[in-house]
Structures are given as C-alpha cells and as structure tokens.
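Biologist: Could you walk me through this model? I'd like to start with what sits inside.

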Amino acid sequence: GGGGAPHCAARSAKRTSLDALESGVDISMNSVPDHQNLRGKNQLKTAGVVPLLKPSLWPAKESIQESTQQELLPQWDVACKAVDEEHRTSSASLRAVACTSDAVITASSKPIVKVWKVAEGKVVETQKLRHGAVGSSCVEVADSSSLVAVCADDGGIGLWDLRTQKRSGELHASLPTAWKAKFTADGNRLVSGGPSGVLNFWDLRNQALMCEISPEVPRDGRDAKRRRSDSRSAEATAGRRASNCVFSLAMSGDGRLLGCGRGNGMLCVMRLEDQEWVSHVQAHRGEHAVPVRGLAFDASSRLLLSGGDDHHACVLDAASMARSRPDRSLASPQLERFSAHRGWVTSCSVCPDPLRHLLVTTSWDSTVKLWDYRAQALVSTYKEHTDSVMACAFQPSQGQFFVTVGVDAHIVLHVAKEQSQALVPVNKTT
C-alpha cells in the first residue's frame, strides 16, 4: 500500500509471465513488439528520434568493447550477501537503498530504516531509524553523507541526521507528491514527486514548501505554470492523470538538470537554473502505461539513463536538449534503447567513476545486470537474489562498490575485482 504502489503486482502473474518468456511466448501487456523497437536507425528516424551513439559522439562500438574489456571494465564480484533477518522472518521486502562512502541505508515495507556499515567485505547493521507505523518507498542521502530523507507510505518525508542518529525534521508532504525524492546539489533543497505528477521543491533550511511545478507540457512551448501552495493544492493535484505519475527522479552531478520518469513512459528533463522543462521524450513504449522506475545521470551529467516496465533500458542525451536557444525551440531528442531484462526494470544506477561507463539494472525477474551503456554490452549477470530485486545504488564519488536489495530481504555487495583482492575473505552469507 501507499509508497509500495509503484512495485505492486500479483506474484502469481509474475511467475506466469516469466515462465512464458522462458518458453518464448510473450504475454506481457507492457512488452514492446518488434515493430515498436527503436533500436534500428530507420525506425528511429521514423519515430522522429535521432540515434545517440553516432561516430561523431563516440568511437565505434567494436573499439569501445575492446578497450573497455581490456582496461575499464574489471570483473565485479559478489563480496558479501547479508540477510536482514528481522525483515525476512516477517516477510517484509527491502524496497529502497542508498549509499555513502562506507555505509548502506535501506528502507522497507516496515517502519524501519537501517544503516549498514561496509568494511572488509562485510555489511553489518549498525543503526535502526524508527518512526511511525508505515513503510517507506524511497531513501536518499545528501552529498554531505549525514542528512537522509525518507519518503513514508503515509506521504510524509522524514529527515534524519546520521551523525546524531536522530530525526531532525519532517516535510509535511502528502502521498500524491511524496513517492520519490532527490536532494539538489547544494544540499539546501529537496525535490519530491508522486502520483499527482506535480514536483514539489522544498527549502530544507526552513523545512517549508517553496513551489509546485505542473507536469503538463505547455502548448505554447513555455514552462508550466507555477502555483503557490495553499489549502486547495492537494485537491487540485489529486485529480491529475495517473499517466503523469512520478515513478523516478534523478539529479545531474553538476546540479543543473533534473530528470523525471513518469508512468506513461516519458522522460522529462528540467533545467534547474530557471525551472523550465526542456524535454519530454517518449522513451519507453507498450500497449498500456509503461512506468519508468529506474533513472540516473551519467558521471558527465550529459546522459540520462532509464529503465521501465517494457523490459528496456534507454539512453537520452539530456544535456544537449537543455542548452538555451535564441528562438526557445527544443532540440530533437537523441535516444537509444535496448532490451535489458525479462521483466520490469525496477531500478538503475550509474557508476560515478567517469572512466567506467557502467550501468546497473535490477528487475522483477530476480536478476541484476551490469552494462557498458556506451556499447549496450552486457558485462555481467548476477542471480544472487531469490525473488524480485527492487533497488540498487553505487557508492558515491568513487563507485568502488554497488549494492542491491530485494523482496528476499537480502543485501548483496558487489565490488570491483581490483578492490575485492584487498578485502578480507568472508563467507557469501553473513
């Protein structure tokens, strides 16, 4: 219920769908037929989308694959697989995860947010942040690595200080606007969104709502109308179309762009300097609504990568669309998409190391995949989870490790081989 709604689906339907896919029969209502797949250049041109990976932008894919395999893409090993026994015994799933330089923060369907220490190849629980009586749909850490924001299933956004291990405040949001949240680069603001499709900008110093921005694409090409918060705001936003629902948010590393993944498969990009929408691209496609559940910018703050219910991943050149033009026209979107999983793509995370063009995707099909997104080449597939994998996150700044969490209440730590060689060997389960 509540914040868990973005991932809700009948478990039996999931198994039936996967069994059919294994046998070569596609029964998914959100699958993309071959004639809608935009991987071919002719199809991209027909759809009005320009292929992204052009020779003028990147080297040929063959040379990329050869160089990355030799130098930039070490083997990533599973260093540790920890079990949250408290959640497993109560059949509670881990829904969201975030990382600091040496810690992992997990949120779940229970009213507990946990902090886990990462050291010597182990993941050890160190803190429990308890509040309220409902679970959480999102957990985010500010660049300072001390402030944590948690989106609760009742619509509130709690703020925690990891240094004091205490709750430092709450943003009085509502369920329609608080499924997902992201800190801005300066750490002074927070952006949240949810079923209403409206984006809320919060002032963290005053813990107050600054403004709301509508999801609609303005017909005259200008930014959507801003409205100040008042007592009628919740009623106004609650009636908006479900297709505009915010399923994912991403902030570029340079703090200039905000990415928004919606329930209708759209990737929307906002230029934060003037809070103007600069891109609305139909990236994920299907017979019905195809939510964009995973979203992340690359290390250069240029590319926006996504994963959706069409089982595909997409790469959008967001920076080129954000450049101001004298006539205020929008650039043609440069987009590529590729098949990633046999089920919904539930999350994605990009390695912050600019020398490693790596994308991690998780899926309802219980697998985790590591990609070279420049070449659209699969680097590794991991099957450590026994049920749907719900979220993933890279260590910020250096990207020395990434973690995945899922319905099975497992936390899996993946480390690059050159780092794992220096770790103290441990059992796969701790």
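Modeller: First, a term: a nonpolar core is a set of buried Ala, Val, Leu, Ile, Met, Phe, Trp, Tyr and Cys residues joined through side-chain atoms within 4.5 Å. Buried means under 20% relative accessible area, exposed over 50%, and partly exposed in between (1.4 Å probe, protein chains only). This is a predicted model, where local features need pLDDT of at least 70, side-chain atom pairs count only at pLDDT 80 or more, and totals for chains, interfaces and linings use all residues. Residues are numbered from 1 along each chain as its sequence is written, and side-chain values use heavy atoms, leaving out hydrogens and water.

Biologist: Which residues touch the most other members of the largest nonpolar core?

Modeller: Nonpolar side chains tend to be buried together in soluble globular proteins. Here the largest such core has 18 residues, and those touching the most other members are V97, V104, V123, F401, V403 and L413.

Biologist: How many residues of strand 15 are buried?

Modeller: Strands (E, at least two residues) are DSSP runs, numbered from the N terminus. Strand 15 covers residues 246-251 and is mostly covered. The buried count is 6 of 6.

Biologist: Is Q275 buried or exposed?

Modeller: Q275 lies in the loop between strand 17 (266-271) and strand 18 (276-282). Its phi is near 55 degrees, a positive value in a residue other than glycine. Because its relative accessibility is 13%, Q275 counts as buried.

Biologist: And what does Q165 count as?

Modeller: Q165 is in the loop between strand 8 (157-161) and strand 9 (166-171). Since its relative accessibility is 46%, Q165 counts as partly exposed.

Technical notes:
Helices (H or I, at least four residues) and strands (E, at least two) are DSSP runs, numbered from the N terminus.
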